[in-house]
Amino acid sequence: MPAKKEIVLIGAGLAHANALRALCKSVHEHARLTVVTRHPRTPYSAMLPGLMAGFYTNDDIHIDVAGLCRFAGAKLVVSEVSGIDIHARRVFCEVREPIPFDILSIDTGSTPNTHEVPGADAHAVAIKPVDKFLAGFEAARARLLQRGSAKFVVVGGGASGVELICTMERVLRANLEREGLNPDAVGFTLLTRKAAILDMFSLGLGTRFERILAARGIEVIAGKNASRVEAGAVHTDCGAAVAYDELFWTVEASAAPWLGETGLALDERGFVAVRPTMESTSHADVFATGDVASFVGRAVPKAGIYAVRQSVVLAENLRLAAEGAPLKPFLPQKRFLQLITAGERYAVGARGRFSFEGRWVWHLKDRIDRGFVSGFKRLAPAAETVKSA
């Protein structure tokens with residue numbers, strides 16, 4: 001029998017998590033699996049606003065990567081990745097020996113791009129990674145309740161920014177009222193460089209949220225790009241300054257800096273350039289998926305719905321690569337259901353040109369999200385876990 005291939009998955013985002021469910025059924029005849037991730041649990045970010053609002057617990061929104069690896073027959077290595085030697089076929093971890101690979105897949109996701117704006121790293125709380133964001137939000141909430149007033153500013157007018165500011169407005173006003181403080185003593189501003197919020201979504205969805213934000217007294221400053229941050233103020237490229245007490249960052253994402261030292265072909269923003277098969281344009285048997293992948297010649301939004309769809313093709317292509325067979329392309333769907341929470345048990349949705357809103361939309365989103373995460377919780381455990389402490 002030929003020697004089994006070593007397949008290493010870096011990161012445990014939605015694409016890798018979902019791919020592991022399929023890989024365990026077919027790949028072990030030809031390969032061994034290793035998953036390297038910084039944390040043995042992966043948060044499902046679509047449920048983050050519900051966690052902030054108290055609708056979910058931490059367990060509700062997390063995928064148990066350790067249990068998933070046991071189910072898939074994969075070895076789990078809990079460690080930060082510090083680099084890849086693409087020629088020697090090694091993955092470097094911060095606290096253990098290098099891991100050899102024959103086939104590599106990267107799903108390290110993305111983080112809000114704070115390093116390109118001077119002062120943002122020092123003063124803003126980024127929405128990813130989720131554990132650090134939650135700690136930052138709780139600290140900001142404690143300061144608000146101690147002072148009794150504050151101005152919250154969110155930079156970024158995409159889905160994450162809109163959901164975040166809607167959730168903070170509902171939660172923090174309720175917190176102040178519960179403590180006998182003035183709920184109107186906290187202010188909210190959404191700053192975006194785009195001409196309108198949610199410009200990547202349907203027009204009807206954006207219009208509905210513009211009305212919701214206005215009704216709640218949430219200020220929207222559009223068409224102004226954050227160029228510099230200092231304590232207490234975000235400066236824009238047109239010379240305006242937006243004052244803040246608490247600052248949160250959800251702008252366009254960036255990739256892990258160490259990818260720039262791997263020799264892999266990257267796009268202008270540092271994401272891995274891939275073919276329709278999700279294989280690197282520069283190196284065979286190296287794949288990228290989810291937010292970290294940049295499809296050459298095809299714009300694929302960095303959204304969870306696409307990562308989940310990619311996972312099915314990725315699992316098949318990793319198996320085919322282990323067998324030495326031709327790979328299959330990922331064909332992104334043209335239309336899909338868009339659901340964005342409004343910070344309470346109320347949500348706005350769209351499909352194609354049609355948009356809608358209401359409590360029933362939130363319950364639909366809740367059922368879809370809970371169903372997705374619970375699908376992982378039902379998996380049976382069965383293999384080795386290696387921690388790199």
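Is Arg-170 buried, partly exposed or exposed? Arg-170 is partly exposed, because its relative accessible area is 30%, and that label runs from 20% to 50%, with buried meaning under 20% and exposed over 50% (1.4 Å probe, protein chains only). Keep in mind that this is a predicted model: local features need pLDDT of at least 70, side-chain atom pairs count only at pLDDT 80 or more, and totals for chains, interfaces and linings use all residues. Residues are numbered from 1 along each chain as its sequence is written, and side-chain values use heavy atoms, leaving out hydrogens and water.

**Salt bridges**

- Side chains of opposite charge can pair when their charged atoms come close.
- The structure holds 24 salt bridges (a side-chain nitrogen of Lys or Arg within 4 Å of a carboxyl oxygen of Asp or Glu).
- Arg-170 pairs with Glu-169 at 2.7 Å, N to O, and Glu-169 counts as buried because its relative accessibility is 1%.
- Glu-357 and Arg-211 make another salt bridge, at 2.3 Å, N to O.
- That pair links distant parts of the chain, with Glu-357 in strand β25 (residues 354–358) and Arg-211 in helix α8 (residues 203–215), 146 residues apart. Helices (H or I, at least four residues) and strands (E, at least two) are DSSP runs, numbered from the N terminus.
- Glu-344 meets Arg-216 in a salt bridge at 3.0 Å, N to O.
- Glu-344 sits in strand β23 and Arg-216 in the loop between α8 and β14 (219–222), so this pair ties together parts 128 residues apart in sequence.
- Shared partners join Glu-169, Arg-170, Arg-173, Asp-184, Arg-216 and Glu-344 into one salt-bridge network.

- Thr-341 belongs to strand β23 (residues 338–344) and is buried, at 5% relative accessible area.
- A polar atom of the Thr-341 side chain lies 3.5 Å from the backbone oxygen of Glu-344.
- Arg-319, in helix α9 (residues 304–323), counts as buried at 16% relative accessibility.
- The C-alpha atoms of Arg-319 and Ala-31 are 8.1 Å apart, although 288 residues separate them along the chain.

**Helix α4**

- Helix α4 (residues 65–72) is mostly covered, with six of its eight residues buried.
- Among those buried residues are Val-65, Leu-68 and Cys-69.
- At the start of α4, a side-chain oxygen of Asp-64 comes to within 3.2 Å of the backbone nitrogen of Ala-66.

Key. Polar contact = N/O pair within 3.5 Å; in protein donor to acceptor, adjacent residues only side chain to side chain.
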